[in-house]
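Take a moment to find your way around the chain, and then follow the topics below.

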Amino acid sequence: MNHDADQQHLAEANPGYASGQLAKALRTAHTHQDPDTRLRAQEKSRAWRAVLAGMTNGLLAIGSRTPVAGLPAWVTPEVVRGGFATGRPSAGGPLSAYETEVARQAGIPENRRALFAYWLSEDGLSRLYDLLAGGRYEVTVPEEAALLTVAWLARAGETDAALELVEELAPFADRLRFTPPPAERPAPDADAVHRRTVDDAWHALDRRRPSEAVETQREALAVWHPFGDELLAHWLETADDGQVLARTPDAAWHERGAELLRRYRDLARRHTYCTKHLNPKQNLGILRGALEETVAGRELDARRLGLLRHAVTSMVRRRGLPGSAGLTALRREQAAQAALPSHHALAQLVLRRLSGLPQEEGIAEVGPLVAAVSEAEARETGLPAGAAIPRVLRRPVEAALSAPIGTLVERGVVPSAEVLAELVPQLVAATTAQAYPDDSLRILAAANYRAFRNRRSLLLLNLERQVRVEELPWVKAVAGWRSDTEAGEVSAIALRQLGELAVQAFPGTILPNPLVRELSVLAREADLGAPLVEELAADIFMGTFTPKFLAAARVAAELLGGGSLYERYYEIDYRAVRNMAIAEAGEAQTRAHRSRTSPAFAKLCAERAKASSSRRQWGFGSVAANGTVIEQSQILTTHNLATLVHRVGIAPATGWEDLARRSFDTVCRLTARVQGNPRPLAVIKDAAYAWRQMLFHLSLCTDQEQTRTLAWLSDELTRRPGHVATRLAPALTGLHQVAEGGSAEDGNGRRLLGWTTGGHWLRGEKTPLSGR
């Protein structure tokens, strides 16, 4: 779980959680069948042992921005699940192969202190200059950008700034890696992003093995059915009036039978998937066994003769006589089916096509890699020309498409807002780097940002915030070279484009925290006064909010105040919210220090949560009660939608009516998953969040669009499964009542919220629920 910058966390770190994670990792390391999974679990158990040891001996301060004794906040810590630091720096550990090779070439001791001194020598700086000029390096952790920054400053004549940075890095020169390994190619085009690399696609296809079930069926159709027909035809030579062995077989028959048995043994040796022929009770086994006895000169007893005659009769009755038109057509169709290439064989062809591409990049053109088998490939591989690559094999290749992010969303390569959040750092890195006028510094800044975004969030206490990229010493050292005006203009454009893309592509989904963080970086660069807020975790919420939550609520009040459908549905007094925000902002100006919390906003959220919950059961501090408070903060702020519209200026091309309808589709789809679900609470929460998104979009529609969409919602609900319509009917009734000037809670109407301290009506029961 990621723990966000301005979020209140647990009052203390729990060693029991770390112990549980260690036990889980050890169990997996000893019992899992997959060797790679066992290796990963062994590494996790090593990390959790380090966490527990550090907590015990006091070397780790879990919950602090500086969790490792002796290391400043800017050092990237190794972090495991839950935000726990292990005590090891990510840029530490044994020398990399590249570092060892540099030390060997330079003739210096193989340790980081000696390497640090070498990089500051004339020869070392010359190598760093070459890396900067070519841009052929890969920064995997931010620290690896540090000495490249020193080199850039030295080359730019900023000697004092370079020396100051060296002085700040020097105390850690023996522990941390401050240079990146070289790369074969420069960084890819910033306009194109990719979700997977060629190497990822290659490994996904390489893991495919022949399907035993498919190969068994293929063998049965291509080998054993035709052979069975031959055996049947051979026995029918002895038939009279349809009864086999009514005539005594001659020597030539015995000789042909012996040849059939020799062929059988050869086929059985080469084709081992299908084993039905080995069963003496199956028709093929009965025919073969009787032939072996007869060819050996032994007379069949009455039982075996009866089995033989029954098998022959049943085979002829079911399929027809060998050589008949019906059976011939069937075997021809089965042979064609068996001749179709296996997924495994086609996967091997796609692997051949991928082998010549740069493995650590995306794919610019997917089409040729997933095209049907060509004539030349057919001659080389034996695969039939024109055979299509099936969808299951195209999917890993398509996931590596490198294209503008909007194209990836359009083609379904980015299926969710969470996946979108994974890709956005690549774009934000390039965007924020535009602030530097020098090309080599721009490339370095983008590489540093991409690496920084791989830094895992720490568990923080007392409203401390995560380290920001601008706090890194090497970033501060070149801050004077930034063009803030250009950075602001470029960031504002990127923020608007990404905001529109996220809202339009996934209208029924709230922005995930990783995406909020990236958009927040652009918002700061653009200086738009656009407060973006994260989703807080109910299990570690301590009842406080930072001032930006009230600032975001004020933006929502400016957009939705004055009687909007959203304001009336949730019974918000946005005028009071706006006045509260103005008053708090005024008080903040008179304080010597900026307040870290907004008590007024927290109180308002708690009061609204208590009013919307069962008073008898509501008690602040439980996970369910925490969830109700957090949800009220999301309602008041619209969870970033108002900020994106009112401050950033997004305007989705498909229009607000379309987004409202698509959000309702998400509500219905999620509600359908409540039926028969033993643990539906998370689904109910997401459905309520999608409902809130729908209400926001609907509130921005014109009166005519709003009326039309409300009617459409009623009609659309009748097309849904009965259990979905039954569950959502009270919510839709409540919405119509609000639209007509009433309250959502009148009569049979209900206000749809995601969190409750009692039984949730969408679940269809009234018993108190726990674990919310």
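A salt bridge here is a side-chain nitrogen of Lys or Arg within 4 Å of a carboxyl oxygen of Asp or Glu. Please keep in mind that this is a predicted model. With that cut-off, the whole structure holds 36 salt bridges. Side chains of opposite charge can pair when their charged atoms come close.

**A salt bridge between two helices**

- Arg708 pairs with Glu657 in a salt bridge, and their closest N and O atoms are 2.7 Å apart.
- This pair links distant parts of the chain, since Arg708 belongs to helix α31 (residues 703-718) and Glu657 to helix α29 (residues 656-672), 51 residues apart.
- Are the two partners buried or exposed? Arg708 is partly exposed, at 40% relative accessibility, whereas Glu657 is buried at 13%.

**Other salt bridges to look at**

- Glu716 has a salt bridge to Arg719, with 3.0 Å between the closest N and O atoms.
- In that pair, Glu716 counts as buried because its relative accessible area is 13%, while Arg719 counts as exposed at 57% relative accessibility.
- Arg750 and Glu745 also form a salt bridge, in which the closest N and O atoms lie 3.7 Å apart.

**A positive patch on the surface**

- Lys24, Arg27, Arg40, Lys44, Arg81 and Arg456 come together as a patch of positive charge on the surface.
- Which helices supply at least two residues each to the positive patch? They are α1 (15-31) and α2 (35-57).
- Arg81, another member of the patch, sits in the loop between β1 (77-80) and β2 (84-89).
- The relative accessibility of Arg81 is 48%, so this residue counts as partly exposed.

- Glu158, Asp160, Glu164 and Glu167 make up a surface patch of negative charge.
- Glu164 is exposed, and its relative accessible area is 55%.

**Cysteines without a disulfide**

- How many disulfides does a search of the whole structure find? The search finds zero.
- Cys668 is in no disulfide, and the nearest cysteine sulfur, which belongs to Cys701, is 17 Å away.
- For comparison, a disulfide calls for a pair of cysteine sulfur atoms within 2.5 Å.
- Cys668 is buried, with a relative accessible area of 2%, and Cys701 is buried too, with 9%.

Key:
Residues numbered from 1 in each chain as written. Predicted model: local features only at pLDDT ≥ 70, side-chain atom pairs only at ≥ 80, totals over all residues. Heavy atoms only, no water. Buried < 20%, exposed > 50% of the residue type's maximum accessible area, 1.4 Å probe, protein only. Patch = residues over 30% accessible without salt bridge, like charges linked within 9 Å, V, L, I, M, F, W, Y side chains within 5 Å. Areas by Shrake-Rupley, 256 points an atom, 1.4 Å probe, with all protein chains shown as cover. Lys, Arg positive; Asp, Glu negative; His and termini not counted. Charge placed at Lys NZ, Arg CZ, Asp CG, Glu CD. Helix = DSSP H or I, 4+ residues; strand = E, 2+ residues; numbered from the N terminus.
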